[in-house]
Amino acid sequence: MPSSTTFRTRTGRLIPAIIVAMLLASCSSQAPQTPKESVQDAGTGSADYYLKQAQQSSDDNKANWQLLAIHALLRENRVPEAATQLGQLPQQGLNNGQLSEQQLLSAELLVAQKNYPAASAALGKIDADSLTADQKARYYQAFITAGQGRASLPLLRAYIAQEPLLQGKAHQANVDATWLALTQLSAQDVNAVVINANENVLQGWLDLLNVWQTNKQDSTQLKAAIQDWQKRYPYNPAAKTLPTALNNVVNFKPGSTERVALLLPLSGPAKVYGDAIQKGFMAAVNGQANPSAPSQPAPAPAPAPAAPATDPNAAVSTSATDVTAAEGTPTSAPAVTPAVAPVAPAPSTPSATVKVYDTSTQPLPALLAQAKQDGATVIVGPLLKDQVSALTSAQTSLNVLALNQPETEANSPNICYFALSPEDEARDAARHIWSQHKQLPLLMVPGGAFGERIAQAFANEWQKQGGQTVLRQTIGSYADLKQQVSRGGGLRLSGTPITAAAPAQPTGVTIGGITIPSPPTDAQVTAGSADSSGNVDAIYIVGSQDQLTLIKPMIDLSINTRVKPSLYASSRSYQAGAGPDYRLEMEGLQFSDIPLLAGSNPPLMQQASSQLGNDYSQVRLYAMGIDAYNLANHFTQIRQTPGYQLSGTTGNLSANGNCVIHRQLPWLQYRQGALVPVS
């Protein structure tokens, strides 16, 4: 056994060696390190760690650390810092792998800055085949985000290419997003798809869409058809895990409409609106309304309507009576052109019982509690906007179909919103006019908040369709217009550009000495367009029939060119029963209105008119009551199934993600003294 003296001596000799080793290790840890991960990998470290390593590096590793840092900064949503670091990358000397990552990061930065047009342009310069698997997943995600959710064939292909690169929740999200984009394609887009020989996955998705369209009204038949599809396309990602929305349809359990609580104002100033809606609702309950009669609009002469009951400047429909309690502008996502034709509502429920509650007599929470206590299975209403806005805080467990829209949309799992919104009609007009390949529309709208709302809704939708400039011109009252006619003048078409509500765009980004500019702002695009009608190719008029009688001849007098702008009008200007002189005077003008007033079902129209004294503003509310019952009968499908539609008396009905019901209206045209559908 060694002595204690010997042990201390050996220990003393070891101490200097240990200290030297520790010092060497310390020096070694402070020296620049080589990244253990490639810049083309996913990158899991923090931005601060990568930035610190980049600061300590002065060799070839510095650019790698910088690229990793920029990727991490974007992942951590530190966008301004990412832009700064991207600008500090070396101008020269980067290898192919580093250049590839720099290009991808540049595009991702533009996406993070919401500069989507520039991002799309930058992505278009990248060869996706040269990227690693991790880079491809990021590339396709950037492509998808830059598309801003607009359904298109390139978007579908991006989802399909991204799918094999994802796992877990991200994979299911990809499948769900692919299905949503597919169902949002218009029928024209679907029919125009040209599939390459190697696009088996895309072919499978399109066949699945056809299966859904053909069988969606029968869940049993749909389930069998999907099983057959899965056998034909066993390797399609949807064959392994169905899109969530489609799976919900397959396992659909309809909600009960046996006991309906109808919440309407039955006393006070709004009683006239509640009465008209109630009459239409009960007609549908009793099977007296069949909105799926003749499918092609064929307007028949009818008695001239009585004057609207109230000021139309705050209308529920552009031509209907107002039931909004406030003047604000409801906002909603844009409705997309459906990929499938709407289906007729199912027959009414014979056993349904309806109890009507007067919303003018009690607070909304008390009415909801009373309806639940009375055994209601679904609530239809309330109608007035302030009560609809209070629904989200009322916390009822029952399904609710509100008959108006809140100022700001809210996604409540048991609430849908149905209104004859003038803004909705303006958005429908924007889509219709855009589909006719017009470029510069002029809106002629009343002054005040109502006209402002219409113009803003149209301009926002126009921009979403891909358009740019929209001009707005205020029209006077009938008396003002008549004075203008008596002076012998035409109507000067001089609009003011409308700035559509859109995220602010950055000024651009400089990368590697090359500046990728931001797209021009609306103000820049429309600069110099005000007070000029030289390029106006469409005029959308929101006015009464009397106003239109004066406006159209003045427009014709003002334009002496061979090619004249196309004329469009809202439903406010349409009154059935106008004489042949008026119809000839309106030659070429297109207008929209609800299917019931457009002649889709003459017997139902006659029934409604006789009950409401030929007041067409009330007929629109009568039609709203019919559709409210049919929507209540299909509440679960509308709430849970993207793209689900009903053919209604107020339009083809579908819902956005917040279950705000949108209406697609038929368009008619005056031609040689007759009314014909616009193809």
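These legends describe close-up views of one predicted model.

**View 1. The whole chain, for orientation.**
The chain of this predicted model has 679 residues, and buried residues make up 50% of them. Its secondary structure comes to 27 helices and 18 strands. Take the contacts in the chain with a separation of 6 or more: residues 24 or more positions apart account for 71% of these.

**View 2. Helix H3 and its surroundings.**
Helix H3 covers residues 61-75. How many of its 15 residues are buried? The count is 13, so H3 is largely enclosed by the rest of the structure. At 1.5 Å a residue, the 15 residues of H3 should span 21 Å. The end C-alpha atoms of H3 are 21 Å apart, which agrees. After H3 comes Asn-77, with a positive phi near 60°. Most residues other than glycine have a negative phi.

**View 3. Helix H3 against helix H4.**
Two packed helices are described by the angle between their axes and the distance between the axes. Helix H4 spans residues 79-87. The axes of H3 and H4 come within 8 Å and cross at roughly 160°. Angles over 145 degrees count as roughly antiparallel. H3 and H4 are therefore roughly antiparallel to each other. Their crossing is left-handed. From H3, the residues in the contact are Gln-66, Ile-70, Leu-73 and Leu-74. They meet Glu-81, Ala-82, Gln-85 and Leu-86 in H4. By class, this contact of H3 with H4 has five nonpolar residues, two polar and one charged. An α-helix has 3.6 residues a turn, so residues three or four places apart point the same way.

**View 4. Helix H7 against helix H8.**
Helix H7 runs over residues 133-146 and helix H8 over residues 153-162. Their axes come within 9 Å and cross at roughly 155°. That makes H7 roughly antiparallel to H8. The crossing of H7 and H8 is left-handed. Which residues of H7 meet H8? They are Ala-137, Tyr-140, Gln-141, Phe-143 and Ile-144. On the H8 side are Pro-154, Leu-155, Ala-158, Tyr-159, Ala-161 and Gln-162. The contact of H7 with H8 holds nine nonpolar residues, two polar and no charged.

Most peptide bonds are trans. The bond from Gly-381 to Pro-382 is cis, with omega near 0°. Where is Pro-382? It lies in the loop between strand E3 (378-380) and helix H17 (385-389).

**View 5. Gln-395 in a loop.**
Gln-395 is not a glycine, yet its phi is positive, about 60°. It sits in the loop between helix H18 (391-394) and strand E4 (399-402). Is Gln-395 buried or exposed? Its relative accessibility is 71%, so Gln-395 counts as exposed.

Strand E15 covers residues 652-655, and Asn-652 is part of it. Asn-652 has 24% relative accessibility, so it counts as partly exposed. Asn-652 and Gln-664 are 12 residues apart in sequence. In space, they are 5.0 Å apart, C-alpha to C-alpha. Cys-659 is in the loop between E15 and strand E16 (661-664). Cys-659 has a positive phi of about 60°, although it is not a glycine. Is Cys-659 buried or exposed? At 1% relative accessibility, Cys-659 counts as buried.

Notes. Residues numbered from 1 in each chain as written. Predicted model: local features only at pLDDT ≥ 70, side-chain atom pairs only at ≥ 80, totals over all residues. Heavy atoms only, no water. Axes fitted to C-alpha atoms, helices over the stretch in contact; angles between N-to-C directions. Helix = DSSP H or I, 4+ residues; strand = E, 2+ residues; numbered from the N terminus. Parallel < 35°, antiparallel > 145°, perpendicular 65-115°, else oblique. Left-handed = near helix turned anticlockwise from the far one by under 90°. Contact = heavy atoms within 4.5 Å. Nonpolar A, V, L, I, M, F, W, Y, C, P; charged D, E, K, R; others polar. Expected span 1.5 Å × (residues − 1). Buried < 20%, exposed > 50% of the residue type's maximum accessible area, 1.4 Å probe, protein only.
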